[in-house]
Amino acid sequence: MKVSDNLRVLQQKVIEACQRSNRNPEEIKIIAVTKYVTTERAIEAVECGVMNLGENRDEGLLEKWSKLGDKPIWHFIGTLQTRKVKNIIDKVDYIHSLDRESLAKEINARAGEKAISCFVQVNVSGEESKHGLTPEMVIPFIKELEKFPKVRVEGLMTMAPFTEDQTIIRECFQILKKLQLEIQHIQLPYAPCQELSMGMSNDFEIAIEEGATMIRIGTALVGE
Ligand SMILES: *Cc1c(COP(=O)(O)O)cnc(C)c1O
């Protein structure tokens with residue numbers, strides 16, 4: 001399938017999910033997750049107008065970056081080892097996987113003049129295979145980030161649990177939305193928390209209905 005065909009189908013589903021939830025489709029950014037595919041396929045996505053690309057490993061990001069440079073908006077969506085921060089920090093626009101203080105410290109130390117836009121990753125479902133903070137830990141963690149002036153909390157990120165049960169998936173996204181509102185309420189200047197990064201190929205419609213502003217789509221857009 002051509003990326004352009006997949007994109008058309010995806011955009012239509014985004015519009016319909018927005019209609020069901022009274023949202024403006026312009027609030028939703030599609031991130032093409034290119035981790036499974038070649039650089040050529042990533043270029044095809046950019047040529048279709050998908051300007052947000054997501055990678056989950058530093059090797060994949062650097063390989064694609066060497067061809068595409070800073071033309072796309074780059075999202076680092078995978079578990080980030082502290083020692084790898086220096087490899088990607090000047091190439092990415094967003095880090096979606098901030099989940100511990102040692103990582104915040106390293107991002108802060110390696111950042112240039114500009115603060116780095118981060119998402120705090122939350123493990124809502126408590127699945128052991130998933131990274132992220134428990135919901136209870138999120139607000140105390142964000143308060144601690146005050147000491148890292150180069151770390152800016154643009155939003156929260158989660159991955160829904162591995163299940164067919166749509167009710168469980170929906171509850172996961174609702175919990176993230178509620179947490180976002182609580183963080184906005186405390187009005188920390190470094191944590192505007194305007195964004196919610198949630199929803200993948202199998203669950204993005206539910207995520208949009210529950211408030212996602214960035215959906216991370218691999219399989220359904222660029223392929224496996
Ligand atoms: C791989 C990945 C995605 C995309 O997954 P698909 O199901 O292929 O859409 C989204 N988010 C993260 C964090 C991923 O690792």
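## An aromatic pair

In this predicted model, the count of aromatic pairs comes to one, where rings of Phe, Tyr and Trp (its six-membered ring) pair if their centres lie within 6.5 Å. The pair is formed by Y94 and F119, with 6.1 Å centre to centre and 50 degrees between the planes, and it counts as tilted (under 30 degrees is stacked, over 60 is edge-to-face and the rest is tilted). Because Y94 lies in strand β4 (residues 94–98) and F119 in strand β5 (residues 116–122), the pair ties together parts that are 25 residues apart in sequence; strands are DSSP runs of E with at least two residues, numbered from the N terminus.

## The ligand and its surroundings

An oxygen atom of the ligand is 2.5 Å from an N or O atom in the side chain of S201, and a nitrogen atom of the ligand is 2.8 Å from an N or O atom in the side chain of R216.

## Basis of the values

Residues are numbered from 1 along each chain as its sequence is written, and side-chain values use heavy atoms, with hydrogens and water left out. Local features need pLDDT of at least 70 and side-chain atom pairs count only at pLDDT 80 or more, whereas totals for chains, interfaces and linings use all residues.

Conventions: Polar contact = N/O pair within 3.5 Å; in protein donor to acceptor, adjacent residues only side chain to side chain. Helix = DSSP H or I, 4+ residues; strand = E, 2+ residues; numbered from the N terminus.
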